[in-house]
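Dear colleague,

Please find below the sequence and structure that I am handing over to you. A description of what was found follows directly after them.

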Amino acid sequence: MSTQAMLPEVGEWEWPGGAEAAVSLTFDVDAEAGWLGEGPAYERRLTTLSEGRYGVVRGMPRILRLLAEHGIRATFFVPGYTAQIHPGLVESILTGGHEIAHHGHLHLRSDKVSPDAQRAEIEQGLAALEKAGAPRPTGYRSTSWELTPETFDLLVEHGFGYDSSCMGDDRPYYELHDGNALLELPVHWSLDDWPRYGWNIDTGGNTAAPGELYTSWLAEFDLARAERRHVVYTMHPEVIGRPQRYVELARLIEKFAERGGAWYAPLADVADHVRPRLPVTGR
Ligand SMILES: [Zn+2]
């Protein structure tokens, strides 16, 4: 895969309302699926599953309230299984005016399963979201951000409008594969809460000092404004929804408001905005 040439340069991006930067807050609502997708052994690990469930039970209400207070619309990547076992989740997201996007069904990593299983992840995820009352998603994010050629082709086949799993640029660009192009709204580990605060008993994890996320994400916000670009922040309700992290996120959003200059937009809105301004090359 390769990136597209001819991207608008720094300072050339224009955002609605003359905003200095487009800012997308994105939440991957992995919940129990985040663990069940790791293998059947997790079916009997009630404690681990309960930590995932916390994201829906406690994290989501906090996050939705914070976004409503600031009038921010965000993107929620919801695995089909999460939508299936948590009635009311999809409705609560839609009531807030947010976007629901595709994040697989059982949160299986594309690079670890067969092409048939990858197809099932896409199709079962679509069916479960539809059954839960979500509009057909136009966006996709792969589990652990591992996108494979097979899943790339499935996204094209199913007419997805954008992907948000790759890291080939820090501006919107086209990810190219086998003559096909997908609008990419790129992510990065440095803009993800999981590497900082995610931890589990088997693999351990990082335990960044409280405040580290605030400092580095504010720096990225200022850089995005200076470069007039888009920035995508990725969070998980079971991680950022814990009280001390939630407070850090709330403080950050207040600081963003103080700085000003942000166009907060779900990824689908950013995709619609940039698509006509970003010609595909290299097909
Ligand atoms: Zn996930």
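I begin with the packing of the helices. The axes of H2 and H10 cross at roughly 15 degrees and come within 11 Å of each other. Here axes are lines fitted to C-alpha atoms, for helices over the stretch in contact, and angles run from 0 to 180 degrees between N-to-C directions. H2 and H10 are therefore roughly parallel, a term used for angles under 35 degrees. H2 passes H10 in a right-handed crossing, meaning that the near helix is turned clockwise from the far one by less than a right angle. The element names follow DSSP runs, numbered from the N terminus, with at least four residues (H or I) for a helix and at least two (E) for a strand.

H10, which covers residues 243–259, also packs against helix H8, residues 212–227, at an angle of about 25 degrees and with the axes 10 Å apart. That angle makes H8 roughly parallel to H10. The crossing of H8 past H10 is right-handed.

Please note that this is a predicted model, in which local features need pLDDT of at least 70 and side-chain atom pairs count only at pLDDT 80 or more, while totals for chains, interfaces and linings use all residues. Residues are numbered from 1 along each chain as its sequence is written, and side-chain values use heavy atoms, with hydrogens and water left out.

The zinc site

Which protein atoms are the donors of the zinc ion? They are Asp-30 (OD), Asp-30 (OD), His-103 (NE2) and His-107 (NE2), at 2.1 to 2.5 Å from the ion. Donors are N, O and S atoms within 2.8 Å of the metal (3.2 Å for Na, K and Ca), and sites may look incomplete because water is not among the atoms. Along the sequence, the donor residues follow the spacing D-x72-H-x3-H. Asp-30 belongs to the loop between strand E1 (21–28) and helix H1 (33–36), and His-107 to the loop between strand E3 (99–102) and helix H5 (115–131), so the pair ties together parts that are 77 residues apart in sequence.

The arrangement of the four donor atoms is irregular because they subtend angles of 54 to 143 degrees around the zinc ion. Four donors count as tetrahedral if all angles lie between 85 and 135 degrees; four count as square planar and six as octahedral if opposite donors are over 155 degrees apart and all others between 65 and 115; anything else is irregular.

Asp-30 is buried, at 7% relative accessible area, and His-107 is buried as well, at 6%. Buried means under 20% relative accessible area, exposed over 50%, and partly exposed in between (1.4 Å probe, protein chains only).

Two residues with positive phi

Ala-31 is not a glycine, yet its phi is positive, near 45 degrees. Ala-31 lies in the loop between E1 and H1 and is buried, at 1% relative accessibility. Asp-178, also not a glycine, has a positive phi of about 50 degrees. Asp-178 is found in the loop between strand E6 (173–177) and strand E7 (180–184), where it is exposed, with a relative accessible area of 65%.

Salt bridges

How many salt bridges does a search of the whole structure find? The search finds 15, a salt bridge being a side-chain nitrogen of Lys or Arg within 4 Å of a carboxyl oxygen of Asp or Glu.

One of them joins Arg-45 and Asp-202, whose closest N and O atoms are 2.9 Å apart. Arg-45 lies in the loop between H1 and helix H2 (46–70), and Asp-202 in the loop between strand E8 (199–200) and strand E9 (204–205), so this pair ties together parts that are 157 residues apart in sequence. Arg-45 is partly exposed at 24% relative accessibility, and Asp-202 is partly exposed at 49%.

Asp-111 forms a salt bridge with Arg-109, with 2.8 Å between the closest N and O atoms. Asp-111 is partly exposed at 36%, as is Arg-109 at 24%.

Glu-220 and Arg-229 form a further salt bridge, with their closest N and O atoms 3.0 Å apart, and both residues are buried.

With kind regards

Notes
Parallel < 35°, antiparallel > 145°, perpendicular 65-115°, else oblique.
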